[in-house]
Amino acid sequence: MRARAWPSYSQDMIRRQPVSATADHAEERTNPAARLGFQPGQVVQEIGYDDDVDQELREAIEGVIESDLVDEDYDDVADAVVLWFRDDDGDLTDALVDATTYIEEGGAILLLTPKTGRSGYVEPSDISEAATTAGLTAAKSVSVGKDWSGSRLATPKAAKTKR
């Protein structure tokens, strides 16, 4: 009977390293824009831009969609909306209702609000109530940067598309 040779240390280490199925899976874990569901070729409208926004997140979204974000003056429908909102920006329900007019039915709004303890923080209960009143469904909440949290809100699909 032959003795089994043990693999060398380097072969053993290579074999134990986690491997993702595709590069896309790795990007989804590391790139917040990919994790949030943005796709190449999408038109993404940005509302509420100011000096305090997370520039790295903006650049990550632009990298994934392979284009610049369009601003509030864009006059066509978008695939998604990025809405930066602070507590003193007015009525959140109104802002969400307005944002839904800019996107395709079934599209998504990424509502970005300052994290707890930051100036402009918005209570999660206020976000939930405003989303429900605006006819949106909260899909998920995520941390998207040092100072911002994101809530992915889905618009309802038209009844006729469900038939």
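Which residues are linked with Arg86 in a network of salt bridges? In this predicted model, for which local features require pLDDT of at least 70 and side-chain atom pairs count only at pLDDT 80 or more, while totals for chains, interfaces and linings use all residues, the network consists of Asp52, Arg86 and Asp89. Residues are numbered from 1 along each chain as its sequence is written, and side-chain values rest on heavy atoms, with hydrogens and water left out.

The chain contains seven helices and five strands, where helices (H or I, at least four residues) and strands (E, at least two) are DSSP runs numbered from the N terminus. Read from the N terminus, the order of elements is α-α-α-β-α-β-α-β-α-β-β-α. The chain has 163 residues, of which 37% count as buried. Burial here denotes under 20% relative accessible area, exposure denotes over 50%, and partly exposed residues fall in between (1.4 Å probe, protein chains only).

Side chains of opposite charge can pair when their charged atoms come close. A salt bridge was assigned where a side-chain nitrogen of Lys or Arg lies within 4 Å of a carboxyl oxygen of Asp or Glu, and by this rule the count comes to four. Asp52 pairs with Arg86, with 2.9 Å between the closest N and O atoms. Because Asp52 is located in the loop between strand 1 (44-47) and helix 4, and Arg86 in the loop between strand 2 and helix 5 (92-100), this pair ties together parts that are 34 residues apart in sequence. Arg86 also meets the side chain of Asp89 in a salt bridge (2.9 Å, N to O).

Asp147 lies in the loop between strand 4 (137-143) and strand 5, and Arg118 in the loop between strand 3 (103-114) and helix 6 (124-133), so the pair ties together parts 29 residues apart in sequence. Both partners are partly exposed: Asp147 has a relative accessibility of 29%, and Arg118 has a relative accessible area of 33%.

The loop between strand 3 and helix 6 also holds Tyr121, which is partly exposed at 24% relative accessibility. The C-alpha atom of Tyr121 is separated by 5.8 Å from that of Asp87, although the two residues are 34 residues apart along the chain.

A pair of aromatic rings is described by the distance of the centres and the angle of the planes. Rings of Phe, Tyr and Trp (its six-membered ring) were paired if their centres lie within 6.5 Å, with planes under 30 degrees apart counted as stacked, over 60 as edge-to-face and the rest as tilted. The structure holds one such pair. Trp84 and Trp148 form this edge-to-face arrangement, with 4.8 Å from centre to centre and 80 degrees between the planes. The pair links distant parts of the chain, since Trp84 belongs to strand 2 and Trp148 to strand 5 (residues 148-154), 64 residues apart. Trp84 is buried at 2% relative accessibility, and Trp148 is buried at 3%.

On the surface, a patch of negative charge gathers Asp71, Glu72, Asp73, Asp75, Asp76, Asp79, Glu104 and Glu105. Patches comprise residues with over 30% relative accessible area and no salt bridge, like charges being joined within 9 Å and nonpolar side chains (Val, Leu, Ile, Met, Phe, Trp, Tyr) within 5 Å. Asp71 is placed in the loop between helix 4 (55-65) and strand 2 (78-84) and is partly exposed, with a relative accessible area of 45%.

Glu66 lies in the loop between helix 4 and strand 2. The phi angle of Glu66 is near 60 degrees, a positive value in a residue other than glycine. Glu66 is exposed, with a relative accessible area of 62%. Glu66 and Gln39 are 27 residues apart in sequence, with a C-alpha to C-alpha distance of 8.6 Å.

Technical notes. Areas by Shrake-Rupley, 256 points an atom, 1.4 Å probe, with all protein chains shown as cover. Lys, Arg positive; Asp, Glu negative; His and termini not counted. Charge placed at Lys NZ, Arg CZ, Asp CG, Glu CD.
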